[in-house]
Amino acid sequence: MAANPQPRLKKQATRPPAWKALSAHSKTISKLHLRQLFADDPDRGQCMAIEAVGLYLDYSKNRVTDETLNLLLQLAEESGLRARIDAMFSGEKINITEKRAVLHVALRAPKDESIIVDGKDVVPEVHAVLDRMADFSQRVRSGEWKGHTGKRIRNVINIGIGGSDLGPVMAYEALKHYSERDMTFRFVSNVDGTDFAEAVQGLDPAETLFIVSSKTFTTLETMTNAGTARAWSVAWLGGDEKSVAKHFVAVSTNAAEVSKFGIDTANMFGFWDWVGGRYSMDSAIGLSTMVAIGPDNFRAMLHGFHQMDEHFRTAPFDANLPVLMGLLGLWYNDFFGAQTVAVLPYEQYLKRFPAYLQQLTMESNGKHVTLAGKPVTHDTGPIYWGEPGTNGQHSFYQLIHQGTRLIPCDFIAFTKTLNPLGRHHDMLLANVFAQTEALAFGKTPEQVKAEGTPDWLVPHRVFEGNRPSNTILAERLTPEVLGKLVALYEHSVFTQGVIWNIDSFDQWGVELGKVLAQRIIPELEGKTEPMLNHDSSTNTLIRRYRKLKESQ
């Protein structure tokens, strides 16, 4: 079918036997339609669904049979997934290029657990930081923390980028229902000055607190925005440099730079090198989240994370939510040539969830070499994208339904709404179920003709169907459930990375452009014409920018 292009399957002598079996098996499955699979097994919708830790996953509308699933599970076993899970949870340095442990799971471990890194139990340190965050959050929320002029804080602006922004802004939007509504929360990440200018628009500096989130306190974009925030705040507060201590706190590990900036290191909240940026929303990076929703709700979110962690760590693979989702994603990516995954939350509060998953998935598994440094010979991470339903139905769903590309979809929905308004929620959920049904089964030419459609119009109104989807259902969007959802995708990404034999926890791909930007900045700002040694395109662009800049 047009929506099922055959991928490039290159030879690789070291692939597990199950990979080769799946390659052969995919040729059979590609000829089967979901209509036939459901006709052959009337109970398929009940059998291919599992429920764990409060999440229900219906994966029956995937182009798989029992044989497919058995081969995928065999692939997980042959790839050593169980041993890699144990290695991560025990604190081994599985991030091999940076020689670091990968222990975001420690950020949500209960106080009575013990996780050892380099001979030291890190759990007490994690809870010490959480307790300091809780104390600070309560002081801000209650009005006990006062600004330089004695006014209470009513505005909080988080300054970060990457994981120091995407996690906090996603969590704030997702949990806005639980937030302190008499406070304003905004987020600055882009070095484009418009981002900062709009974030402070209409705010009283005397009532504004900035949270500067940068592990090293040297990140170019973050510290540029922090410097601008500092200048803005001090200027409006009478030029008193001492005011910085009352209007800025830091999430960092660099006490010297934090102090130099003017922030009291007593108001610095740290984290550890075993916390990757895209896995840090439940660390001190989530300070703005805790101020917004309160310590109790933040701890409930951590409990949700931990429940999914334990499920992933202990459940057999055939009943393991992250493992199954990871395997199904890999099935389409590597054996059906699918290049993207659409994440479609039918919950307006999750409007930033697809953007958050873009970093989690693509920064983790966008890799072209194996753990041994050899070129990978198959496709790794697909492109993640999406928008909330039902908005997306009136824009890009056309391509998913009738386009030539195969796009697996994850639908996320809740059986109870946080904002009951008449028929709204029934209509919303009806669209979830209708879309997955339409994608799976489509509409045949015979069905179209039976509706009285003219012959010339029939081809335009045919839906091939056979478009795969997962449906994830939970009762309602709570802090605990958000933690479960994020951890579900974290561990799904890990599952795929293990099978692809790549390092899912480094991100060298973000470095080169940053290094080159540091070289180009003085060439743009210098008073005299610089000697340029770039390619002809870059040289021309720099000269054109300088010329137009000078003419302003």
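What volume does the largest pocket have? In this predicted model, the largest pocket has a volume of about 1000 Å³, where a pocket is an open set of points on a 1 Å grid over the protein atoms alone, with protein on both sides within 12 Å along at least five of seven lines. Grid points are joined across faces, edges and corners, and a volume is the space filled by probe spheres set on the points. Because the model is predicted, local features need pLDDT of at least 70 and side-chain atom pairs count only at pLDDT 80 or more, while totals for chains, interfaces and linings use all residues. Residues are numbered from 1 along each chain as its sequence is written, and side-chain values use heavy atoms, with hydrogens and water left out.

- By residue class, the lining of the largest pocket holds 13 nonpolar, 17 polar and nine charged residues, where Ala, Val, Leu, Ile, Met, Phe, Trp, Tyr, Cys and Pro count as nonpolar, Asp, Glu, Lys and Arg as charged, and the others, Gly among them, as polar.
- The second largest pocket has a volume of about 420 Å³, and of the 16 residues that line it, Gln348, Thr417, His424, His425 and Leu428 lie nearest its centre.
- Six nonpolar residues, nine polar and one charged make up the lining of the second largest pocket.

- All six residues of strand 10 (residues 340-345) are buried, that is, under 20% relative accessible area with a 1.4 Å probe and protein chains only.
- Both faces of strand 10 are covered, with Thr340, Ala342 and Leu344 buried on one side and Val341, Val343 and Pro345 buried on the other.
- Strand 10 pairs in the parallel sense with strand 11 (residues 383-385) over three bridges, pairing being assigned if DSSP finds at least two bridges between two strands, and Thr340 stands opposite Ile383 in strand 11.
- From strand 10 the chain crosses through helix 15 to strand 11 in a right-handed β-α-β crossover, meaning that, with the strands pointing away from the viewer, the path from the first strand over the helix to the second runs clockwise.
- Strand 10 also pairs in the parallel sense with strand 12 (residues 409-414), over four bridges, and here Leu344 stands opposite Phe411.

**Cavities**

- A search of the whole structure finds four cavities of 30 Å³ or more, a cavity being a set of points where a 1.4 Å probe fits but cannot get out.
- The largest cavity holds about 130 Å³ of space, and its 15 lining residues include Met325, Gly329, Val341, Asp410 and Asn470, which lie nearest its centre.
- Helix 14 (321-335) gives the largest share of this lining, four residues, and strand 12, strand 13 (469-474) and helix 20 (479-500) each supply at least two.
- The lining of the largest cavity divides into nine nonpolar, five polar and one charged residue.
- The second largest cavity holds about 50 Å³, and its lining includes Arg84, Ile94, Phe494 and Asp503, with the largest share, three residues, coming from helix 20.

Conventions:
Buried means under 20% relative accessible area, exposed over 50%, partly exposed in between (1.4 Å probe, protein chains only).
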